[in-house]
Amino acid sequence: GEPRKFDPKFRGPIHNRHCTDIICCVIFIVVILGYIALGVVAWVHGDPRKVIYPTDSYGQFCGQKNTLNKNKTILFYFNILKCASPVVLINLQCPTTQLCVSKCPDRFATYIDVQASYRYRPDQWNYFRQFCKPGFNNPRKSVAQVLRDEDCPSMIIPSRPFLKRCFPDFSTKNGVLTVANQTTFKDGRGKTRNVTDLREAANGINNVLDARSVGMKIFEDYAISWYWILIGLFIAMMLSLLFLVLLRFTAGVLFWIFIFGVIGIIGYGIWHCYWEYDHLKGIPGSDLTVYDIGFQTDFKVYLQLRQTWLAFMIILCGVEVIIILMLIFLRNRIRIAIALLKEGSRAIGYIMSTLFYPIVTFLLIAICISYWAVTAVFLATSGEPVYKVMANQTLCKYANLTCDPETFNTTNVTKFCPGAQCTFAFYGGESLYHKYIFIFQLANAFVFLWLVNFAIALGQCTLAGAFASYYWAYRKPADIPLWPLFSSFGRAIRYHTGSLAFGALILAIVQLIRVILEYLDHKLKGTQNSFTRFLLCCLKCCFWCLEKFLKFINRNAYIMIAIYGKNFCTSAKEAFFLLMRNVVRVAVLDKVTDFLLFLGKILVAGGVGVLAFFFFTQRIPVFAQEVPMLNYYWVPLLTVIIGSYLVAHGFFSVYAMCVDTLFLCFCEDLERNDGSTAKPYFMSASLHRILGKKKLSPKKA
């Protein structure tokens, strides 16, 4: 990178700014307005009842108020054997008549048996009739005609409602699948079938039903223990704050303890390998080579060879030497990294409000997710009912063609295909709006990604501005401006919305391509074309790397925007070249920061997790009486551990941003100033001391 022209009067984040990337800002605002319009259009056309309520063969909702089906909330399938799996039942339509009923059948019965006995067992007929088409009450009609016209189901089986649909009531008895303790049933067409046929028709439903009962128990556990979960998360918050505050005193100690611990463990490994190598001396067969014994599935065979232990010892010696050499050659850079970490802790101590900024980002992203999800549901349900011809005869040429239920009986279809019906198939449509619903869904997803990335970018730029104002304060904390976080947020929104939107747009495009690639990969899973799969795999890998690189560039570009107020491209270029001039420091700082923050997350989540485990398993005598009675104690335990990790991640993401900002400011400081009275360093005394021993000139930084 070429040396840049510097402002000798530079004193931290520039206040007299101008708007940057105005074109992108205008496009961003227009897109947001378009997104709102898309939401309104989807809301007008969509009907989420299509998702909430099942639809019968007549295109009516089950359980809808002010209709004949208001008390009939469950969908009943005439012949569930025609349905291959519950996925077909829920998403697509099953080629059998579907009817809204008030409750599912609770017994086995066939139409043949009920019709034969309706004179002396009218109660059976009355029970069976509620699963026939509304108004049908003609037990004298021949069985063949009833089944052809699908007036009644050929059989009913004990069922229970799931997702507002009747599914066979499966249970397992001594390892054998049963329905109401029976393994066989009559199908009403003269055959005796095995219950496993039903299982294939409702594949996997038993597991889902079990999951439903587990779900209810988990819900009960949350209802009882939410109070304690919140206390656990509050403790995690306090521990995270404590860890960040203590980092200024313990960062160096923690890092060196870990490094010497690793060196010690590897040293012990080398000694153990040598001991095993020496111990196997003279034992028959131990001098064979790996090549001699070839490939063995039992790994223990290799551990009886001296050559194996020699190889382990050489590898561990190599790793040990590399670590020690890195420590020797990078010791100064590691000291700078640790000093920056301590400085980061000090900066957060002065601007504590920054720790709670992630809540703003979280709320913005939650709004984006909610709006996207609601719009997606309304778009998906904005079709008109489409009816198709359903024929019992396999050779009917009209089968699966679209039809109109009002005029169906006047067409020729019923003459050519006796018993054919015009039944509801799915929601769709032929209008311009319905044709482009897929495009709208893609647009919905893209703008959602753009907005989420913008929310993250706004957070990064705001925090960078606040921490930069700390670094460029000559006398700390006296020169730190009032309300640094609020001022930085105002500057980012007022002047740099366009630049932040530009960075977010680039990321959103890459992420959308990744989503499409994942979708294609999912679709092509069944194909055997290995070249296509390989190509997709390469593309996925490349775009993953590209996204990681762009996130890194964007993050540092936002820091430069927060300091200098230049446009996105200029800031990204300056940040990139500044980092390239300090590439070793970047690598060392990155790894040291990652390690310490990962250690912090594990300590917080692990500490709170252990405490929660002892509490919920009643091992803390003081609180033994307070512990709620739970179905599964792991429910609140896992929630507390994962929640603690996320709380720690939220706080530590601010800290990571702080360290990155201070590092870029530090590099700028070294290039701008030389420590003289005319160009004094803005860095803290501890950083100055580390550099002061070498009296670095700006060029050799």
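1. Where is D21 found? The residue is in the segment before helix 1 (22–45), and helices here are DSSP runs of H or I with at least four residues, while strands are runs of E with at least two, both numbered from the N terminus. The phi of D21 is near 50 degrees, which is a positive value in a residue other than glycine. As background, most residues other than glycine have a negative phi, and most peptide bonds are trans.

2. Before going further, please keep in mind that this is a predicted model, in which local features need pLDDT of at least 70 and side-chain atom pairs count only at pLDDT 80 or more, whereas totals for chains, interfaces and linings use all residues. Residues are numbered from 1 along each chain as its sequence is written, and side-chain values use heavy atoms, with hydrogens and water left out.

3. On the overall picture, the protein has 21 helices and 13 strands. Of its 701 residues, 44% count as buried, where buried means under 20% relative accessible area, exposed means over 50%, and partly exposed lies in between (1.4 Å probe, protein chains only). Among contacts between residues at least 6 apart in sequence, 72% join residues at least 24 apart, a contact being heavy atoms within 4.5 Å.

4. A second residue with a positive phi is W483, which has a value of about 45 degrees although it is not a glycine. W483 lies in the loop between helix 15 and helix 16 (484–523), and with a relative accessible area of 63% it is exposed.

5. Strand 5 (residues 159–162) and strand 6 run antiparallel and are joined by 4 bridges; two strands are said to pair if DSSP finds at least two bridges between them. S159 has P168 in strand 6 as its bridge partner. The two strands form a hairpin with 2 residues between them, and in this hairpin L163 takes a positive phi near 50 degrees.

6. Which residues of strand 6 (residues 165–168) point one way and which the other? R165 and F167 point one way, C166 and P168 point the other way, and all are buried. In a regular strand the side chains alternate between the two faces of the sheet.

7. Helix 15 (residues 437–471) packs with helix 20 (residues 634–672) at an angle of about 50 degrees, and their axes are 9 Å apart. Axes are lines fitted to C-alpha atoms, for helices over the stretch in contact, and angles run from 0 to 180 degrees between N-to-C directions. The two helices are therefore oblique to each other, since angles under 35 degrees count as roughly parallel, over 145 as roughly antiparallel, 65 to 115 as roughly perpendicular, and the rest as oblique. Their crossing is right-handed, a term used if the near helix is turned clockwise from the far one by less than a right angle, with anticlockwise giving left-handed.

8. The contact between these two helices is made by residues including Q460, L463, F467 and Y470 of helix 15 and M657, L662 and C665 of helix 20. The contact residues divide into 12 nonpolar, 2 polar and 1 charged, where Ala, Val, Leu, Ile, Met, Phe, Trp, Tyr, Cys and Pro count as nonpolar, Asp, Glu, Lys and Arg as charged, and the others, Gly among them, as polar.

9. Y470, which is found in helix 15, is buried with a relative accessible area of 0%. Y470 and L662 are 192 residues apart in sequence, but 8.8 Å apart in space, C-alpha to C-alpha. Not counting residues up to four places away in sequence, Y470 touches E343, R346, A347, Y350, I351, K476, I480 and L662.

10. Helix 20 also meets helix 17, and the axes of these two helices come within 10 Å and cross at roughly 65 degrees. Helix 17 passes helix 20 in a right-handed crossing. Among the residues that make the contact are R555, N556 and I559 of helix 17 and S653, A656 and D660 of helix 20. The residues of this contact divide into 8 nonpolar, 3 polar and 4 charged.

11. R555 has its place in helix 17 (residues 530–564) and is buried, with a relative accessible area of 18%. Leaving aside residues up to four places away in sequence, R555 touches Q460, S653, A656, M657 and D660.

12. Finally, F378 in helix 12 (residues 357–380) is buried, with a relative accessible area of 13%. F378 and V40 are 338 residues apart in sequence and 9.6 Å apart in space, C-alpha to C-alpha. Residues up to four places away in sequence not being counted, F378 touches A42, W43, G46, D47 and P48.
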